[in-house]
Amino acid sequence: MTHSSTDPKTTSTTNSSIVFDHVTKLYPGQNAPALDSLDIEVKSGELVCLVGPSGGGKTTALQLVNRLVDLSSGDIRIGDRSIMDIPAIELRRTIGYAIQQSGLFPHYTVAENIAIVPNILKWDKSRTTRRTVELLELVGLTPVDSWLGRYPSQLSGGQQQRVGIARALAADPPVMLMDEPFGALDPITRMAVQDEFLEIHRAVGKTTLFVTHDIDEAIKMADRIAILKPGGKLAQYDTPAEVLTHPADEFVAEFLGAERGLKRLALTTVAEVLVAKAEPERPAESDLPKVEADVTLREALSVVSAAGAHGARVMERGSHLGDVTLHDLVDPPANAVDARNGEGVGL
Amino acid sequence: MSGIAPAGDPVIPDYGQASECVINNGPFCGDWFVDQWATVFWPPLVDHIYMVIIAVVIGFVIAFAAALIAYRKRWLAGPIGIVATFLYTLPPLALFQLLVPFTGLTLLTVEIALVCFTLVIIFQAVLAGLAAVPEDVKRSAIGMGLNQRQLMVKVELPLALPSIISGLRIATVLTVSVATIAAFVVDSGLGSPILKAVSSPFNTQFIGAGALAVLLAFVLDGLLVIVGRVLTPWMRARV
Ligand SMILES: Nc1ncnc2c1ncn2[C@@H]1O[C@H](COP(=O)(O)OP(=O)(O)OP(=O)(O)O)[C@@H](O)[C@H]1O
Ligand SMILES: [Mg+2]
């Protein structure tokens, strides 16, 4: 499920990795850097979440990439080309940018908002229109006709974020920067938009740098997570499973919170455990609570605990796939956990 | 003021068959108003409209340019604002007095004074409108690769429009009213029938001219409201 290098979408001819090469940012008048020698690589097609405490330099790191903020030292390369070699305005037009509160133009309709970059790039009208329709379908705002002419004030927060994402994708940029794009949404809408975005990300495979201060969001979405500490220092950069199992230091462990173990269980589905267990045992016990195959171990554990049972019956479209025991849920077979984080993507 | 008051013409001409109302100098004689519309009211009304429009247009151009400069170079906002406020606080009659030695008893004198009064209002309105453009909208605009001119034309000015329009409305209504004082300088505009009627009190004339000034203010204000609506369709789009 990670975006391995064999994924056709991500191995398209152009390399669009983002490399932070000893990136430091010291704002004028500050005596400590906001970002201190950040050294990470976001591979082509990867989704990397930047997390950390407020003031940890996440937004700064993001804005350095599209040059809304100037580097103090170090270099950032997109696809092997230094961002300093590209005029800032031109660079920005090749980077999708979505921010909290969506940043939609309140005086533009949905269609006009999505068309901003295509218009700057002087696409012809019919191409822009086709693209707009395609994108609205992609983000699930259908029937398209009923959304095109609306103003942002006529949309809910979640709908605005969807339009914001569509707008960022408009000119098909190889790279996406997203700064807490779902930060203002209520938990339920947030989950829905996260799922949708993940689906879109898997479909379009853009190199994505995603800022969030919600660690659960990062665990759910990211191929790899970069955790920043106060002072803009990188604390750890690894897959969600690795970060949860082997936090690099006290700070990371604390940042992940007391439920770190449970969060780890959210990375694996019961289906994956069943596959890993190989010998499908089917005890006749029928009072086990039922769970769907695609629920996470964490959710299954909650169901089992609520039912006071010792296991769960795994169902898929009405048919019984097999059973998982409480022990399977709490201590899943190692190969089930690895299934999701297949390729070792460490630097 | 001795030099510049052209008042004093006889106001109630003897038209032979004057109505009861006119002879008694009633508060408002409709028949006389209708009879005299073409000579006493209509020409000053037209002059008045021109006077106001010229002043507001010129004031807008100057104040708008000044506001753009002040927006770009923030340190200029203070000094420009002080100058504009100073011009605004001068009593209109004093400003006329001040200008007459240079520009004479002319329309130019009047327009300069009127423009001075519009400046501060429009300047502040444009500046406030630009300053109120949401930061996240600007950030995403720049992040998408809009250059400075595109940012101004596509984002900042449109979003400042509601504030600019309300500034224009205040400036226009104010100018309609201040322009009546222009009669002290030139025999033009709705101030001149009022001034004449004041020196030889005939109610219908100054009430009629005064009412026309009020009506004109309402009409111009209403027109600007309509223009504002047309230019800012998103402001009405609420579910
Ligand atoms: N324009 C600026 N001038 C000076 N200091 C700044 C500027 N922008 C950010 N900083 C400082 O740099 C540090 C990092 O800020 P940044 O916005 O990158 O944090 P963040 O991780 O995005 O925080 P949050 O989660 O609150 O958004 C903070 O201490 C902040 O005060
Ligand atoms: Mg931030």
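In this predicted model, strands β12, β13 and β14 of chain A, in that order, make up an open sheet of three strands whose pairing is mixed. The edges of this sheet are formed by β12 (290-292) and β14 (319-325) of chain A, each of which pairs on one side only, and from one strand to the next the twist averages 35°. Helix α13(A) packs on the sheet and touches β12, β13 and β14 of chain A, its direction making about 80° with that of β14(A).

Strands of a sheet may pair in parallel or antiparallel fashion, in either case through backbone hydrogen bonds. Between β13 (residues 311-316) of chain A and β14(A) the arrangement is antiparallel, and six bridges join the two strands. Within this pairing, A:Gly311 has A:Thr325 of β14(A) as its bridge partner, while A:Ala312 is partnered by A:Val324 in β14(A). The hairpin formed by β13(A) and β14(A) has two residues between the strands, and in this hairpin A:Arg317 takes a positive phi near 45°.

Apart from its neighbours within four places in sequence, A:Ala276 is in contact with A:Pro333, A:Asn335 and A:Ala336. A:Lys25, by comparison, is 251 residues away from A:Ala276 in sequence, and the C-alpha atoms of the two residues are 46 Å apart in space.

Turning to the ligand, the residues around ligand 1 include A:Tyr27, A:Gln30 and A:Ala34, the run A:Pro53, A:Ser54, A:Gly55, A:Gly56, A:Gly57, A:Lys58, A:Thr59 and A:Thr60, and also A:Glu180. By residue class, this shell divides into three nonpolar, seven polar and two charged residues.

| Residue | Protein atom | Ligand 1 atom | Distance |
|---|---|---|---|
| A:Tyr27 | side-chain N or O | nitrogen | 3.4 Å |
| A:Gly55 | backbone N or O | oxygen | 2.8 Å |
| A:Lys58 | side-chain N or O | oxygen | 2.8 Å |

Taken alone, ligand 1 exposes 630 Å², of which the protein buries 60%.

Note on methods: Residues are numbered from 1 along each chain as its sequence is written. Chains are lettered from A and ligands numbered from 1 in the order in which they are written. This is a predicted model: local features need pLDDT of at least 70, side-chain atom pairs count only at pLDDT 80 or more; totals for chains, interfaces and linings use all residues. Side-chain values use heavy atoms; hydrogens and water are left out. Contact means heavy atoms within 4.5 Å. Two strands pair if DSSP finds at least two bridges between them. Helices (H or I, at least four residues) and strands (E, at least two) are DSSP runs, numbered from the N terminus. Axes are lines fitted to C-alpha atoms, for helices over the stretch in contact, and angles run from 0 to 180 degrees between N-to-C directions. A residue is near a molecule or strand if one of its heavy atoms lies within 4 Å of it. A polar contact is a pair of N or O atoms within 3.5 Å; within protein, one must be able to donate a hydrogen and the other to accept it, and residues adjacent in sequence count only if both atoms are side-chain atoms. Accessible areas come from the Shrake-Rupley method with a 1.4 Å probe; for residues, only the protein chains shown count as cover. Ala, Val, Leu, Ile, Met, Phe, Trp, Tyr, Cys and Pro count as nonpolar, Asp, Glu, Lys and Arg as charged, and the others, Gly among them, as polar.
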